[in-house]
Amino acid sequence: MKKKHVSKAAILDAVITYVILIAVCVIFFFPVLWIIASSFSRSGSIYDIKGFFPSSFSMASYVKLFRDTAMYNYPNWLLNTLFVAVFSSLIGTVLVILTAFTISTFQFKSRRLLMKSALVLSMFPSFMGMTAVYLIMVNFNLINQLWSLILIYAAGAPMGYLVQKGYFDTISNTIYEAARIDGATNGMIFRKITLPLAKPMIVYTALTQFAWPWSDFILPKLLLKNKELWTVSVGLASLDETQFSRFAAGSVFISVPIVILYFSLSKFLVAGVSAGAVKE
Amino acid sequence: MRRIRRDFAVTACVCMIAGMLAGCGNSDSTPKDPDEIITLRILENDTAKSKGYLDELLNAFNEAHKEEGIVAVDANMDEYSNLAENGPYGYGPDVIYQANDKLMAYASDKHILPISPEDYECAEYIPEQAWDAFRLQVDGESYTCGIPVNIQEPMLFYRADKMPENWETEWDDDGNGVADFFENWNDLYAYSKYLRDTDPSANKDSQYGFMASFNNLYLNGEFIFSYGGYVFGKNADGTLNTEDIGFGKGNAATGLMALRQMAGLMNEGCIDDTITSTRYEKVADGTYFCTVSTPDTYTLFVEKLALQYEDSGMSKEEAQAKAEENLKMVELPVRLPADGDLSRDSSELADGDWVESVVMGGVNGYGISSYTKYKDACVEFVNFATSYDMIKTRQEMLGIAPTRSDVSAESGDQTSELIFQSLSENRIYLMPSVKEVDQIWTPSQTLLGDVAKDSFRANSGETEKYKTVEDMQTALDGVSKNIYDAIYTLAD
Amino acid sequence: MKKIRVYASSVVMGSGQLMQGQWIKGLLYLGCLAAFVTYLVTTGVTDIIGFFTLGTETADPWLGTKGDDSILMMLRGILAFFIIAAYGLLHAANIRDVKEGEEALAQGKKLPSFWKAFRTFTDRKFYVVALFVPIVGVLILNVLPIVFMILISFTNYGGDIVPPALVDWVGLDNYGKILTLTEIKGTFFRILGWNLVWAVLATFLNYFGGLGLALLLNKKCVKGKTFWRTFPILAYAIPGFITLLGFKFLFSYGGPINYYITMNGGTAVGFLDIDAGIKAKLIGLLVNTWCSVPTSMLLATGILSNMNTDLYDAASIDGAGRWKQFTKITLPFVVFSTTPVIITSFIGNFNNFGVFYFLRGGLYNDGYFLASDTDLLINWLYNLSIDNNYYGIGAAVSLVIFIITSVISLSVYVRSNAYRKEDSFR
């Protein structure tokens, strides 16, 4: 390839590429921009908006969001959401990694059965089981407890072990064999060898396990009766129709952590996702 | 040793689960200490909470009952949280404020306790029709399951300062001091049409007359009920017959032709919820001359109007005072044309050419959960909350139309009296107080939205679906059948 | 003589071990037995009886009489069966353990100390230890609800039969209704047809949308890849239901899209109206694509980065065009390595509740029983069981859906490259 000579076709190709890229970005960005813009709407309602954008801007909705907490205690909801998401993510990640590692590394009798069962189980329309989940929580006195959510998210996490398993499949068995010859137990192998190797995967897992409780709606709605205990999603959904810009402000605010996490961890993410999908 | 010891794990598992279960097996009932402070959990609606009325009520109650060890607190739950789901397991409120259809749906599964009206000081001031909304027939016996607080019907909201300046000369033909367009639908149509025709903006979108989201049965029921349609028929003994669904009965189809015609003077926002969500804003800024809503939303209109005045340079207090003065709430026009043609000049119509409008209404009230541990304290609380003073405060703070006749008589605000007069003259069709009513909303609203859309179909080149009364009749009968199917197909 | 300990343990768990002198282990087993018996006596037996009767005494909240709560009884019954099964496993393990001990003793070996045995166990049977918590969690919070739902489909729960009324077992009645009632049967098949079309189209669009975007970003001429990738990620960061409500507003009559249409002299379009038909379906597809492409783009980016670029160089030398490179090299590689992901995505789309619930909820079309023409089976299920309280029928329909999706995806999965390679496990 010679740098000097750039053919017409290549230029055309680049132009077309960029045109498509810009179009795609506009498509993705516009609705987001619209939500952001309406969160700054001065009147607080969506209907002074002509077309896409508010006629006048102010920070009022954000101030209200954090100051006016008598009806809608957003700061509290945010803390609840954070609590649930962090602990679900911690526990869930441990469980998923452990499950994936075990299923990938060990050959045992019921292994294939487990794998197939997990696939089949994940196909059940989940909200049909909600009545049962509710009753289980009633039975164990876990209604109105943030821990009940953490329990459910963490317990459900291992069902999505496939991506992580794919990653562990790529770690060669010879390392393990060598360690075993040196007398390492399986527990030690997992701690000393697998975990350090799986760092990108762990980050990826933790992020996905975090994102789900962070934005989930149905479960907290079902299990948290007390408004003080609500998570942000449930709270936002309860906002009155006239409070659109507060709704938008709340939405923008809970999206920020995900975006930040994504960018600070994006290297791991791509590595994680790719490894999980490829089975070689 | 070839085989390995195993199953420590399984051991632990069984221990753990057995422990958990044994533990929860007898966790059902812990006996209560008799000297304990009684805490009542009250579930009010969001408006009462956001306007500060709930705090007022709770403080007043707690102050008055300090000695008895009764404390009322905000249940702090979603206002529509399901009592049937929460109550039996002890997560529900003790006292609940709701509309009669919701409250009575709970009551029919016995989640709400029957009460005796004579326990309540307010009882004698509350008209019989309001009590009727909370009556339930079980095995031939009649029970009362709620205490009426306020009555709701769709009302017309408008800005007094946006009345046409010449209304007394131009829009009050009968000279009775009430504008004709608040008295009959033909004139409301005519005035809306006048506003539309004279809209100065290029896009013809700055000036509307009557505006409403037509996909809402509760707010627009007059187009069906005024013409002989009904939700459920009645048995000989006066109880509801939920097998007889009558949306297509009488001349309801004619009524819907009027609705279709009215929609033509609005914009497409009447097909979905757009107008319902914009109405506060747009009445305040004068885009809509008037709209339809329930009395409990009065404060929301005032709030938006006050903001509007503030923007024009008034102080907060001034703006609030002016908004309260100018935001008017009146009953919907009481006359609809019998032939369903709103475009005819009202002066051409003789008395016999009109039908009296029958709107849909509801009564909101308190119910006591069957799962409360302190029934007497609940009665005490409801008694307090329905006392003269509290209802008066509620009316002042929330703009509701109280069922207590002494409060409404004193306040000088005639809304309640008007509504009760309408109720006694059978001009309000109360939401049926049965569980089955849950299943009427979606099918009926689907149809209403579609009929509203029909007036825009020709414009966008689609074929109109409801050109004739016959088409409308078929559609209404279809809705009745769909509702019947929804209720009975799967029930044995 | 030796058998005695085995017999002892098969009757009283842990007694054989005690006789062998394994005190700690024996006591642990005994403790479990005690806990199990306590459980049975206090609640277990009642729960199992309750499972069959589903309650005999109707509660009357008005009189304050505490009756039976049928569905809670069913749940506790299932839990009891789970516990009995777990006990069974433990008991079998206990017998095996005693036998092994006997064999060792017969060969004159000394039995290992408890802690030594414990350590050996946690190492050699690492998978049991590691999978224990995940499996118990999944059993209680995923499997149990599913079993519960399946059992509900054999009861008359729903309609007028909701607590405090007592629920009864009705056998296959609900399935009979699905097959015989014309409204239900007709609606079921109409929705099923659309549901399949939807799942295929949506999976296709999401997958290839993501792949296309990833390929585009992978091109050498694209500078600032992180910048470009930001936009889809923003879309990904906003919680799904907020996005969907936002889109509903965008497409409503009062929304910006119609605003611009009418501004330019057009007539407003009812994108999501009752008679919107194909328009609403298309919008659903596009909105769904908008929500899902970011994830599949990430995925595809990762996979492409794993690809061996030598293949392309070789192909260019052979004079293969770009399209050919794509179909002959990229596509097979990507598709083969992501079959499980495609299956998961297909299932996710098949059961995609949110899109039409938020965009177009609260409409019933003519010719559909409690559903609209865009509703998927899962939305219909929701209407049936949550909105209209027909839990029994809803559960039966959900089981049918479950079987359909399981058969499709399991058969694809078992044939997939990823699974077959599992056969030659390491």
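How far apart do the C-alpha centres of domain 1 of chain C and domain 2 of chain C lie? They lie 42 Å apart.

## Before you start

You're looking at a predicted model, where local features need pLDDT of at least 70, side-chain atom pairs count only at pLDDT 80 or more, and totals for chains, interfaces and linings use all residues. Residues are numbered from 1 along each chain as its sequence is written, while chains are lettered from A and ligands numbered from 1 in the order in which they are written.

## Two domains in chain C

Chain C is split into domain 1 (2-171) and domain 2 (176-420), with bounds taken from an automatic or database domain assignment. On the domain 1 side, 10 residues are in contact with nine residues of domain 2 of chain C (contact means C-beta atoms, placed from the backbone, within 7 Å).

That side of domain 1 of chain C has five nonpolar residues, five polar and no charged. Here Ala, Val, Leu, Ile, Met, Phe, Trp, Tyr, Cys and Pro count as nonpolar, Asp, Glu, Lys and Arg as charged, and the others, Gly among them, as polar.

## Where chains A and B meet

Chain A brings 19 residues to this contact and chain B brings 20 residues. On the chain A side, you'll find five nonpolar, eight polar and six charged.

## A sheet in chain B

Chain B has an open sheet of four strands in the order β8-β11-β7-β12, with mixed pairing. Strands are DSSP runs of E, at least two residues, numbered from the N terminus, and two of them pair if DSSP finds at least two bridges between them. The edges are β8 (208-211) and β12 (327-331) of chain B, each pairing on one side only.

Strands β8(B) and β11 (residues 288-293) of chain B run parallel, joined by three bridges. Tyr208(B) has Tyr288(B) as its bridge partner in β11(B).

How values were computed
Contact = placed C-beta atoms within 7 Å.
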